[in-house]
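Thanks for coming, everyone. Please have the sequence and the structure open while I talk, and let us go through a few features together.

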Amino acid sequence: MALPALAGTLAAALFSTACAAQTALPGKLEAESYASMQGVATEATSDVGGGANVGWIETNDWMSYSVNPATSGWYTVQYRVASAAATGQLVLSQNAKDISDTVSVPNTGGWQTWSTISSRVYLNAGPQNLAVFAKGGGFNLNWINFTAENTPVALPAIRQDGRYWVDSSGKRVNLRGVNLGNWLQMEFWMLNNSISNSNGAVNDQCTLEGTLAGRFGNAEKERLMGVYRDSWITTRDFDLMKGMGMNVIRVPFYFSLVENEYSPYNLRADAWKHLDFAINEAEKRGMYVILDLHGTVGGQAAAGEQHDGCIGAAQLWTNAGYRDRTKWLWDKIAERYRGRNAVAAYDLLNEPWGTDATTLANYAYELFNVVRAKDPNHMILLPGHNSGIDAYGNPNTRGLSNVAFWMHFYPGLWGWNEVPGAVNQANMHANWLHCNASGTGESCDWNTKLTGLNTPFLIGELQPWTLLGSYGGQITRKTYDAYNMYGWAATSWAYKNVTYGGSNGDTNSWGWGMVTNSSNGGGMGSLNVSTASNAQIESYFRGFATQPLVRNESIAYWMNWKPAVGARIEAEMFTTHSGMRMETTSDAGGGFNVSNVDNNDWMSYPINVPKTGWYQLQFRVASIYNGGQFVLSKNGSDLATVTVPNTGGWQNWQTVTARAYLQAGQQDLAIFARVGGWNMNWWQLNAE
């Protein structure tokens, strides 16, 4: 379905309160101190401290507040509530999007009998507007208190358990993340090809660094490159990545970030500055890092590629000295980060397609052994060839542990199932993720291969939004969900790219970054490094640190979306399934529906049921047959049975109803097809 939003008046009110008096956080907000509201009133309170509370709160009422968190991070949010009912539900929202879990308000025994409930929220530092939104009415609110969680939860180490990524306790970890492209390994298309020299556009990092060194000397070249690295990614970017629902960051880097290129087999004086920064900032926010050697000395990629540093032949494969230096580099990295839990894995080589698959496999195993000699525990990624991973055989037969494969999947691009138009692209991605009706082909064949190898897998690069228009955010979430269901990790390409004019935030036309520069003050010009002074070059580079950014709100919404009681649950947003497929829908609201349902197919959803009791069920269905039937079930036990009518067409939609008695708490609810032959667009649970 299309991206939902709160009432337009809420968004307008939040905008209008930008200049309101701000409350510093950590701190307490008196509920009646709202800057604007809808539908509520105040009254004297008998709670401790006296004063007033907000009352008469009904469903869809809200209060907005202007706040200023001192630091970015997690906050515990306490709500002081009273209710003579048990219908209340509240959530913290920002820009008409939920940013915390929905909290149920209990029956406290009276409208002035007070109790404290809590949730958690991640807030960026600086002035902003927050709203308390009533998803269910029937409660009073006295105050909201924010307490900073200053001590981050230590990340457990990631390891292998058969074909799964697991933590130190053996629990499966669903890694979903993004690449920090164009930071520690530059790719100039991500800068809108805005940098040139006297010979024209600068197309690779070697040319940029060579031009700077030729004009200013190596020392000043190194200083300017350091300015760029300090500016392209800053702490605000880690906040944005966390806010986009990421829990792992793949960090591509160039060999000369660590090795002193002027003195081979020696570390730079600042060898670990930027990798340490990335790991530390990610860890503070509960995110892992994958270290990706994106460009080796001499280069490892195909001759026409810029992403390994220099366009030209991949000299790594013909120069034994370069291969030895690369081994030395990984030895030093493994020595540095041994025991660092926030490092999820070492990605040995990026797209090393300048050689054949067998040569690659043999050398990757050599690198594996180098790393393992210094670091006995970290996951190590064996790089895929553009022809696949078959040349490796099965690493388990070699007695290797904590090893995984990677491939880069770009369906819809460069001739890979490429089709014109957003709708066709959306359906192509849906087919890639959910395979043929027989359960074969597309991603299913890869799952069969990896299951047979009993080895974890990383989709190191993917791009599920750029050509999909309004479908992009949901397909992005579906892609992560489908890959995680298989047990795979996934990191999209890429976190950020910029253009001359920037973006006004319209997600129907979006580039390759989850985040880009804003057209409202974030526009940029070009830079000629053959004529600009070093001060002008420095200023241009520093501008990236403060350039206003805008994120793809559709991706942010869907990556943080959770199925909830009292709201429509998009049928296609199951987390696990058997046999289900999806397609674009013509039902009201657009988006997708579940399709091609056969007997015994099923789909499952994690849902937090707020209270035990009876619930009204609604299901939006379409069929050309009579006799379709499904059940809502939990742990294999039927909760409700529903018959699907003949609606007159696969896109002729009707809403059918049922009832179910549900226990409170977090649980997985499944829709199981006893008799197939129907489509479903959405379903909903409403407490009676």
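I begin with a term: a disulfide here is a pair of cysteine sulfur atoms within 2.5 Å. By this rule, the count comes to two disulfides. Before going further, please keep in mind that this is a predicted model, in which local features need pLDDT of at least 70 and side-chain atom pairs count only at pLDDT 80 or more, while totals for chains, interfaces and linings use all residues. Residues are numbered from 1 along each chain as its sequence is written, and side-chain values use heavy atoms, with hydrogens and water left out.

One of the disulfides joins Cys206 to Cys310, with an S to S distance of 1.5 Å, and the link is left-handed, with -50° about the S-S bond. Which parts of the chain does this pair tie together? Cys206 lies in helix H2, and Cys310 in the loop between strand S20 (288-295) and helix H6 (320-337), so the parts that are joined are 104 residues apart in sequence. When I say helix or strand, I mean DSSP runs numbered from the N terminus, where helices are H or I with at least four residues and strands are E with at least two.

Helix H2 (residues 205-216) also packs with helix H3 (residues 218-232), at an angle of about 130° and with the axes 7 Å apart. Those axes are lines fitted to C-alpha atoms, for helices over the stretch in contact, and angles run from 0 to 180 degrees between N-to-C directions. Angles under 35 degrees count as roughly parallel, over 145 as roughly antiparallel, 65 to 115 as roughly perpendicular and the rest as oblique; H2 and H3 are therefore oblique to each other. As for contact, which means heavy atoms within 4.5 Å, the residues of H2 that meet H3 include Leu208, Leu212 and Phe216, and those on the H3 side include Leu224 and Met225.

Let me turn to the backbone. Most residues other than glycine have a negative phi, and most peptide bonds are trans. A cis peptide bond, however, joins Leu25 and Pro26, with omega about 10°, and Pro26 lies in the loop between strand S1 (23-25) and strand S2 (27-30). Another cis peptide bond joins Trp493 and Ala494, again with omega about 10°, and Ala494 is found in the loop between strand S25 (489-492) and strand S26 (515-517). Finally, Asn417 has a positive phi, near 55°, and sits in the loop between strand S23 (403-408) and helix H8 (422-434).
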